[in-house]
Amino acid sequence: MKIYDTKTAPTPRRVRIFLAEKGIEMEYVQVDIEKGENLSKHMRAKNPIGKVPILELDDGTCISESDAICTYFEALQPAPYLFGETALEKGQVMMWQRQVEFCLFMQIGMCFQHSTGYFKDRMTPVPEYGKEAGINAVKFLKVLERRLEQSEYIAGDKYSIADITAFCSIDFARVVDIKLGDEHPQLTRWYQQMRNRPSAKA
Ligand SMILES: N[C@@H](CCC(=O)N[C@@H](CS)C(=O)NCC(=O)O)C(=O)O
């Protein structure tokens, strides 16, 4: 099996970190999204919406969407549990994962796409929307700061996929000049913990 990946993009990184945490070895095939390689007929046959990452199994079956790829590997190899182990943990991990994804990861992504024009060959950037998305991301950092006053990790007392999504979001946010500051002591403490994990290099 292999994963179509883009080393510089934040979404595929989530999957790389997830697999590193599980200790799963993978073959990665680099796709240059800046040049639009992801939009080729060949790649769209693997994922009709032309995005990475894509997992391709040995029989040619493809799974796209980072959460779906991670769900597949969690089912194949449950431990260490990154989607939660008990019913309560699973519910809490998914709640935070979705909130981090919608309120932080996507906002930073939209801020990047609409304010830099990086993909202007394939979309129409709306700078006002990009600015608004950046404001939304900064607002959500406050939510995470309060959350991390109560718990070690985002979804509770265990590391989970919600931490991976938040970590990749915050790392990528530098490209739109959104950074942690003095007003984020808990997030800064948590971010250092994330950086110190060997998987952060993935
Ligand atoms: N919801 C998808 C998002 C995938 C996505 O947006 N990938 C970006 C890289 S971070 C991409 O392929 N962009 C290329 C493009 O939009 O042309 C997932 O979680 O996998």
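Where is proline 53 found? Proline 53 lies in the loop between H2 and S3, and the views below cover this loop and other parts of the model. The model is predicted: local features need pLDDT of at least 70, side-chain atom pairs count only at pLDDT 80 or more, and totals for chains, interfaces and linings use all residues. Residues are numbered from 1 along each chain as its sequence is written.

**View 1. Overall fold of the protein.** The protein has seven helices and four strands, where helices (H or I, at least four residues) and strands (E, at least two) are DSSP runs numbered from the N terminus. Along the sequence the pattern is β-α-β-α-β-β-α-α-α-α-α. The radius of gyration is 17 Å, close to the 17 Å that the globule rule gives for 202 residues, so the protein is as compact as a globular protein of that length. This radius is taken over C-alpha atoms, and the globule rule is 2.2 Å times the number of residues to the power 0.38. Along the principal axes, the C-alpha atoms fill a box of roughly 45 × 45 × 25 Å. Of the 202 residues, 38% count as buried. A residue is buried if 20 or more other C-beta atoms lie within 10 Å of its own, exposed if 12 or fewer, and partly exposed in between, with C-beta atoms placed from the backbone.

**View 2. Contact between the two domains.** The protein is divided into domain 1 (2-76) and domain 2 (87-201), with bounds from an automatic or database domain assignment. Their C-alpha centres lie 20 Å apart. The contact takes 10 residues from domain 1 and 10 residues from domain 2; two residues are in contact if their C-beta atoms, placed from the backbone, lie within 7 Å. On the side of domain 1 that touches domain 2, H1 gives the largest share, seven residues. By class, this side of domain 1 has six nonpolar, one polar and three charged residues. Ala, Val, Leu, Ile, Met, Phe, Trp, Tyr, Cys and Pro count as nonpolar, Asp, Glu, Lys and Arg as charged, and the others, Gly among them, as polar.

**View 3. The largest nonpolar core.** This core has 47 residues, and those with the most contacts inside it are Phe18, Ile108, Ala137, Ile161, Ala162 and Ala166. A nonpolar core is a set of buried Ala, Val, Leu, Ile, Met, Phe, Trp, Tyr and Cys residues joined through C-beta atoms within 7 Å. Among the elements that each supply at least two residues of this core are strand S1 (2-5), strand S3 (54-56), helix H5 (127-150) and helix H6 (161-172). Helix H4 gives the most, with nine residues. Domain 1 and domain 2 each contribute at least three residues to this core. Apart from its neighbours within four places in sequence, phenylalanine 18 is in contact with Cys70, Phe73, Leu82, Ile161 and Ile164.

View 4. Of the 15 residues around the ligand, Ala9, Thr11, Ile33, Lys51 and Ser66 come nearest. A residue is near a molecule or strand if its C-beta atom, placed from the backbone, lies within 6 Å of it. Helix H1 (10-22) and helix H3 (66-76) are the elements that give two or more residues to this shell. The shell residues divide into six nonpolar, five polar and four charged.

**View 5. Loop between S2 and H2.** Valine 31 sits in the loop between strand S2 (27-30) and helix H2 (41-44). Valine 31 is buried, with 25 other C-beta atoms within 10 Å. Leaving aside neighbours within four places in sequence, its contacts include Tyr4, Asp5, Met43 and Val52. Lysine 35 is in the loop between S2 and H2 and is exposed, with 10 other C-beta atoms within 10 Å. The C-alpha atoms of lysine 35 and phenylalanine 119 are separated by 9.5 Å, although these residues are 84 apart along the chain.

View 6. The bond joining valine 52 and proline 53 is cis, with omega about 10°. Another cis bond runs from alanine 79 to proline 80, with omega near -5°; proline 80 lies in the loop between H3 and H4. Glutamate 65, which is not a glycine, has a positive phi of about 80°. Glutamate 65 is in the loop between strand S4 (62-64) and H3. Aspartate 177, in the loop between H6 and H7, has a positive phi near 65° and is exposed, with 9 other C-beta atoms within 10 Å.
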